[in-house]
Amino acid sequence: MSLLHGLIYYMIKRGKQEYISGQIPDYEARRRQERSIPDRRPPKGVSVENKLISGCDTKWICMEGNTGIILMIHGGGFVTGYDGQMLEAAYYLVKKGFDAVLVNYRLAPENPFPIGAEDCFSVYLELLKQYSHNKIVVFGGSAGGNLALSTALQAKSKAIPLPACVVAVAPTVAYDQDFPSHKENVGTDCMLGESFDLEIREMYLQSEQEDVLHNPFAAPYYGDWENMMPVYLSFSDSEVLRDDSIYLADKLKEANVPYVLNVYHKKMHTFQLVPVLPEAKEALSDMVQFMKKYTK
């Protein structure tokens, strides 16, 4: 673990809070704080353009000569987060041959499931009008990893061409499963607590009904993974969502889906998306090799 990783981990963990049922946090204040951090100027040769697509604000990060495109979906527990949280990772990836589209899907609790999932799928449909499906990667972290998997499952359900591959960084995949890491790793995860799935059920799903909890567009663990595109799963062994990737990988294996299960030791949740960290550069480099293998 690098010194910088350790410092960031400690600072985040100091502010960690558990969700209490029935007490709606001040999500708007959190969102204002997130967006108060100015975006860094793009690297030389990289352009940034804001576009409204299917009612969603998107940010296009492009570089001349790139041939692939990544739909990048931010995390934030479906209640916070915005495109700027994926910007540094996008700047890294655009230098590796992939343009990127960062999507600001609508957030819960004001916009509960399936609105955010439908927003991401709508942007994917727009990308299909400009790019061949085998040039498109769907990429997300945490809740964004869930939405990346959901986007692919929505495409399959509607017989729409699938993306070349999906990259899901520490995705959350089910909310009625007692995965061991949801309790075992509460003390070592600097962001997520034991009640994270309760918050998602109450704020995003806004339901305890089985038909919602098992809806594959909300809980990809319950998806039909037969004949699906390759999936890359990246996570840390010390985070709460460790087992979400492990148990999903079991489903992919049963369905004979090509997949990579890449586990890192004692790293913070979604460290892979912070390329200032040397550990993140290593992780992103491995993802690039995977994406290049399947985009043609």
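**Entry 1: a first question**

Which right-handed unit do β3, helix α3 and β4 make? I looked it up: β3, helix α3 (residues 87-94) and β4 form a right-handed β-α-β unit. Right-handed here means that, with the strands pointing away from the viewer, the path from the first strand over the helix to the second runs clockwise. The helices (H or I, at least four residues) and strands (E, at least two) are DSSP runs, numbered from the N terminus.

**Entry 2: what I am looking at**

I noted that this is a predicted model, in which local features need pLDDT of at least 70, side-chain atom pairs count only at pLDDT 80 or more, and totals for chains, interfaces and linings use all residues. Residues are numbered from 1 along each chain as its sequence is written, and side-chain values use heavy atoms, with hydrogens and water left out.

I then checked pLDDT, the predictor's confidence in each residue, from 0 to 100. The protein has a mean pLDDT of 97, and 100% of its residues reach 70 or more. Confidence is lowest in helix α1 (residues 3-14), with a mean of 93, and highest in strand β6 (residues 165-169), at 99.

**Entry 3: the sheet**

I traced an open sheet of eight strands, in the order β1-β2-β4-β3-β5-β6-β7-β8, with mixed pairing. β1 (46-53) and β8 (259-264) are at the edges with a single partner strand each, so one side of each has no neighbour in the sheet. On average, neighbouring strands are turned by 20° against each other, direction ignored. Two strands pair if DSSP finds at least two bridges between them.

My list of pairings:

- β2 (residues 56-63) and β4 are antiparallel over five bridges, and W60 stands opposite V101 in β4.
- β3 and β4 are parallel over six bridges, and I73 has V103 in β4 as its bridge partner.
- β5 (residues 136-141) and β6 run parallel, joined by five bridges, and V137 stands opposite C165 in β6.
- β7 and β8 run parallel, joined by six bridges, and V231 stands opposite Y259 in β8.

I also found a right-handed β-α-β unit made by β7, helix α9 (residues 242-254) and β8.

Is β4 (residues 98-104) mostly covered or mostly open? I found it mostly covered, with seven of its seven residues buried. Buried means under 20% relative accessible area, exposed over 50%, and partly exposed in between (1.4 Å probe, protein chains only). F98, A100, L102 and N104 point one way from β4, while D99, V101 and V103 point the other way.

Helix α3 is mostly covered too, with seven of its eight residues buried. Among the buried ones are L87, Y91 and V94. The buried residues of α3 pack against β1, β2, β3, β4, β5 and α10 (278-294).

**Entry 4: the cores**

A nonpolar core is a set of buried Ala, Val, Leu, Ile, Met, Phe, Trp, Tyr and Cys residues joined through side-chain atoms within 4.5 Å. Which members of the largest core touch the most other members? Of its 63 residues, I73, Y204, L205 and W225 do. Helix α5 (residues 143-157) gives the most to this core, seven residues. Another core lies apart from it, with 37 residues, including C190 and F271.

Leaving aside neighbours within four places in sequence, W225 is in contact with residues including L149, L153, V231 and L252.

Helix α5 lies across β3 (68-73), β5, β6 and β7 (231-236), and runs at about 145° to β5. For such angles, axes are lines fitted to C-alpha atoms, for helices over the stretch in contact, and angles run from 0 to 180 degrees between N-to-C directions.

A reminder to myself: most residues other than glycine have a negative phi, and most peptide bonds are trans.

The bond from A108 to P109 is cis, with omega near 5°, and F113 and P114 are also joined by a cis peptide bond, with omega about 15°. P109 is in the loop between β4 and α4 (115-128), and P114 is in the loop between β4 and α4.

F78 is not a glycine, yet has a positive phi of about 70°. I found F78 in the loop between β3 and α3, where it counts as buried at 1% relative accessibility. N256, also not a glycine, has a positive phi of about 60°. N256 lies in the loop between α9 and β8 and counts as exposed at 67% relative accessibility.

Definitions and conventions: Contact means heavy atoms within 4.5 Å.
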